[in-house]
Amino acid sequence: MMLSLLGLLAGLGLLIVLTMRGFNLFITAPLCALLVAISNGIPFWQLNDKLDFVHGYMSGFSGFVAAWFLMFLLGSLFGKLMEHTGAADAVALAIVKKLGQGKAVLAVVLACAVLTYGGVSVFVVAFSAYPMAVSLFKGANLPRRFIPAALALGSVTFTMTSAGSPEIQNWIPIPYLGTTPYAGWQVSIVVAIFMAIAGYATLMWMLKRAVANGEYFVQRSSDPTITDRALPHPLMGIIPLAVVLLLSFLLHDSLQQAALIVALSGGVVSLYLLNFRFLHNPAAATNEGVLGALLAIGNTAAVVGFGSVAKLTPAFASVVEYMTHLPGPELLGAAVAVSAIAGLTGSASGGQVIALPEIAPHYLDRGVDAEQLHRVVAISSGALDSLPHNGYVVTTIRAICGETHQNAYWPVAVVSVVVPVLGTALAILLFQWF
């Protein structure tokens with residue numbers, strides 16, 4: 001058992017180190033999973049047995065893609081249409097105009113929050129908001145290495161896992177727990193406000209320290225610019241976001257998970273109809289949306305495959321068994337189990353997909369309230385998932401912002417790991433008290 005656990009930890013550690021050094025997840029995730037398999041005596045491939053490395057990794061990879069591809073695709077198309085029509089810029093600039101240039105960080109966070117809670121994929125939000133973030137940070141002369149943290153705070157913390165959010169991290173628990181996306185909404189509101197305030201205050205504190213130490217904005221020749229092209233009215237961007245939220249609210253009882261597909265489809269259609277005259281290249285928007293969806297779901301599925309191989313090890317079963325029998329509130333055990341598996345897979349959604357079949361029946365049989373369990377699972381999945389090998393973290397820091405993990409990851413870790421851990425603890429306390 002000790003050897004199994006050491007192999008599991010070695011594979012995870014190597015995955016994090018290679019990711020920090022810039023290696024591609026499509027290569028590093030299966031290689032590190034192979035290390036886990038070898039150290040645990042899992043055969044590479046067997047003709048009539050699914051308990052081998054190849055079947056284990058690919059079943060996790062393909063299973064996640066099969067279950068969530070349509071959501072990723074529609075979310076990415078929605079985001080790219082928001083970007084290409086200028087609707088995302090219109091909403092973001094309206095927020096900036098309302099707040100003023102002096103509130104650069106707050107403007108970036110709020111713009112990302114509005115887009116994320118409106119149903120735009122967190123990956124696409126980062127792509128869409130980055131040009132505005134560069135412009136704002138340049139105007140305020142703030143060090144650009146904090147842009148990924150500002151994008152993450154608005155996208156993958158208090159919005160991604162809150163009640164009512166159309167993001168998949170809030171929808172995955174529904175079929176396992178028989179709940180709705182609004183489960184535990186009273187506590188969710190309090191926790192979301194706490195995470196938003198704590199995350200923003202901490203980010204501003206880190207920024208002020210960096211500026212006091214002499215850091216400033218360094219411009220690059222490759223920096224995107226916000227053009228002076230004609231933009232739709234901000235309402236033309238807000239209405240499609242409202243359509244996504246309204247359809248998901250009206251249809252979640254009857255359609256369950258499929259309600260999100262209908263809601264995002266409605267958002268895509270309404271966005272096109274309201275802003276088609278601002279869409280100059282529909283083919284480019286569609287192609288970019290498809291490629292963005294493939295990148296996002298591929299990065300996530302790669303680490304889900306790693307988690308699926310980890311799930312075959314004796315150590316995994318023992319760790320889950322230990323975590324689900326921790327002393328104290330049952331919700332604490334559920335939070336620890338989901339956080340650990342999300343950290344292992346580097347994915348909030350992947351961690352939920354792997355953890356929920358194991359822990360949901362266990363806690364429901366013990367009489368845990370399904371709505372409370374849903375909300376704690378959702379919030380806790382968004383904590384340790386943001387380790388360096390997380391697909392969103394890798395894509396945002398490297399592909400979008402052009403930074404290195406060494407420069408940009410630690411502010412991201414504070415707002416997207418530490419703050420959600422505190423939010424999870426607050427949610428458990430509130431559910432226990434009320």
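User: What should be kept in mind about the model and its numbering?

Analyst: Residues are numbered from 1 along each chain as its sequence is written, and side-chain values use heavy atoms, with hydrogens and water left out. Because the model is predicted, local features need pLDDT of at least 70 and side-chain atom pairs count only at pLDDT 80 or more, while totals for chains, interfaces and linings use all residues.

User: How many residues does helix H6 have, and what does H6 reach from its first C-alpha to its last?

Analyst: Helices are DSSP runs of H or I with at least four residues, strands are runs of E with at least two, and both are numbered from the N terminus; the expected span of a helix is 1.5 Å times one less than its number of residues. Helix H6, residues 122–140, has 19 residues and reaches 25 Å, close to the 27 Å expected.

User: Is H6 mostly covered or uncovered?

Analyst: Buried means under 20% relative accessible area, exposed over 50%, and partly exposed in between, with a 1.4 Å probe and protein chains only. H6 is mostly covered, as 14 of its 19 residues are buried.

User: How many disulfides are there?

Analyst: A disulfide is a covalent bond between the sulfur atoms of two cysteines, and here the criterion is a pair of cysteine sulfur atoms within 2.5 Å. The count comes to zero. Cys401 is in no disulfide, and the nearest cysteine sulfur, that of Cys112, is 9.8 Å away; Cys401 is buried, with a relative accessible area of 2%.

User: How many aromatic pairs does a search of the whole structure find?

Analyst: Rings of Phe, Tyr and Trp (its six-membered ring) pair if their centres lie within 6.5 Å, and planes under 30 degrees apart count as stacked, over 60 as edge-to-face and the rest as tilted. The search finds seven pairs. Tyr272 and Phe276 form a tilted pair, 6.3 Å centre to centre with 40° between the planes; Tyr272 is partly exposed at 40% relative accessibility, and Phe276 is partly exposed at 49%. Phe44, Phe53, Tyr57 and Phe61 form one aromatic cluster.

User: Is Ser270 buried or exposed?

Analyst: Ser270, found in helix H11 (residues 258–275), is buried because its relative accessibility is 13%.
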